[in-house]
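Hi,

Here is the structure I said I'd pass on to you. Have a look through it first, and my notes follow below.

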Amino acid sequence: MNVQHFSIVGGGLSGALMAVYLRRAGHAVDVFERRPDPRTRTAIEEEQSVNVALSVRGWSALTQAGFDDEILSIAVPMDAQILHPVQGAPDWQPFRNHPDGFLWSISRRALNATLLTAAESHGARLHFNHVCRRVDPDRGLLEVEDEQKQIRTISNTVVIGADGADSTVRTCLTHDRQAAEVQRYLTWGYKELHMPSTRDGWWPLHPQAMHLWPRERFILTAQPNNDGSFTCTLYMSLNDDDLSFKTLNTPGAIQNFFREAFHDALPHLPGLVEEFMRRPTRRLRTVACCPWHIASNVVLIGDAAHAVVPFCSQGMNAALEDCTLLAQAIRDSKGDLEDAFTRFEATRKPDTDALARISLHQLEEMRGFKFSTVQRWKEHTHRALERLFPSRFPSLYSMVALSRLSYSDARRRSRRQAAILDGVIAGTVLGATALMAARVAGHRASCSSAAPVRRSAGPVDGEPVQPSRPAHPTE
Ligand SMILES: Cc1cc2nc3c(=O)[nH]c(=O)nc-3n(C[C@H](O)[C@H](O)[C@H](O)COP(=O)(O)OP(=O)(O)OC[C@H]3O[C@@H](n4cnc5c(N)ncnc54)[C@H](O)[C@@H]3O)c2cc1C
């Protein structure tokens, strides 16, 4: 085997897992992370409670790297999503119809800590409080600033940029004009809120589910933590004049808004106002970059290459899946890293581009849940078909979040299904129209004995109704 030295910039989720994969393959690995060690007490105390949904893709990437029970022990299984309407009972949508029908709610910090410990025990050298300042992609040089603000230059190394959506490695590639990036900022942002456990330490909402309050102009989500609490995230416009994070700026406005929009969540948010005003509001964005690698010197993975909006809960899962695919490409290329990086990018980029589109589409889907009749009808029909034929009619969300089908294939298949569904809806509308027309015709005939009797049960007046083909939301 051709042993290489890899410098991984970023000791987050993808950086730590990549270190495990590379060490298991016998390569030398240094990880440079700008933050303090997340396993230390100070980091744990400072951390806000952020959790992420781990799906079968991420789970598979972890098990292939040798993880198993240690992940399950820090995660809460979620086997359904529960939609909370403005009025009426919550709509329970179990995942169990799908072979990989589960999600795990897991603390990002706890998962990161587990991965870092594994990387270390496999022999990776971890350098915390080390900030990557510059990468020279042509010479394979990396400049890192250590705790004493000293710059260290590392040469003869292969740089893996796993440094997240604000990637310095990616910025160096684009400054050199060797790569181009597109960052798309949404007008929406998000704020995380803590829903504590009940007095007896139990979950205030059903614990084994992802809870959603989808509304047209804002969305609230809640995911369980294994201490009995939930992490809620409110998504809404940042600056709209009538309703946005900007206008929710007084205790009264915040209380009223939650009372009207999320009446069943409000009683479980005792510290709402204080927290809402204290916690930062962050902006949503997608990041796309091309190419992801320069020769055999630098390659990007995870959010550094392709950050997406979180409405399919896939950013981390895709980042972990990147590690499996890159490790496999390195293994298959037998020492030719440029070939490995080229093949990794060629197969993976179309998928993550598709994921970016799917995630934005999912936002539209969630916002439209209640408001478009055609859309709602399609949703219901699709859900009914999915219940009857889960493997033949999975929803796009199921294919993305509950399977390992490639994101591009999921998108293609969903479009095919949408076309079939349009046909079903058109057929239903035509059938219903014909039936109504037949009834009207029959009624008229029976009411007027003087009127000539119609021989057929076709439409009575004018042209038969032609239903317009509803546009597919991704078109
Ligand atoms: C609100 C929200 C909810 C989400 N929910 C989900 C979910 O449910 N499921 C899911 O799969 N994904 C979710 N995601 C996405 C997920 O968090 C990210 O996709 C994932 O963390 C990406 O992993 P990463 O390793 O690429 O980057 P990161 O986790 O961001 O790690 C990057 C690391 O690099 C370090 N770093 C940055 N710059 C430097 C530098 N110059 N030098 C050294 N180190 C550096 C950072 O400190 C960090 O530790 C969510 C995202 C958001 C915003």
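Let's start at the ligand: α10 gives the most to the shell around it, with four residues. Keep in mind that this is a predicted model. The shell has 31 residues, and Gly10, Gly12, Gly164, Gly302 and Gly315 come nearest to the ligand. Besides α10, the elements that give two or more residues are α1 (13–24), β3 (51–54), β9 (131–136) and α9 (303–306). By type, the shell splits into 13 nonpolar, 13 polar and five charged residues.

α10 turns up again in a helix pair. Its partner is α3 (residues 56–64); the axis of α3 and that of α10 (residues 315–333) come within 8 Å and cross at roughly 35°. The crossing of α3 past α10 is left-handed. On the α3 side, Arg57, Gly58, Ala61, Leu62 and Gln64 make the contact, while α10 brings Met316, Asn317, Leu320, Glu321, Cys323 and Thr324. Sorted by type, the residues of this contact are five nonpolar, four polar and two charged.

Then there's the core. The largest nonpolar core holds 116 residues, and Leu17, Met18, Ala19, Ala119, Ile160, Val169 and Ile301 have the most contacts inside it.

Leaving aside residues up to four places away in sequence, Ala119 touches Ala16, Ala19, Val20, Arg23, Val31, Ala124 and Leu126.

Cheers

How values were computed:
Residues numbered from 1 in each chain as written. Predicted model: local features only at pLDDT ≥ 70, side-chain atom pairs only at ≥ 80, totals over all residues. Axes fitted to C-alpha atoms, helices over the stretch in contact; angles between N-to-C directions. Left-handed = near helix turned anticlockwise from the far one by under 90°. Contact = placed C-beta atoms within 7 Å. Nonpolar A, V, L, I, M, F, W, Y, C, P; charged D, E, K, R; others polar. Core = buried A, V, L, I, M, F, W, Y, C linked by C-beta atoms within 7 Å. Buried ≥ 20, exposed ≤ 12 C-beta atoms within 10 Å, placed from the backbone. Near = placed C-beta within 6 Å.
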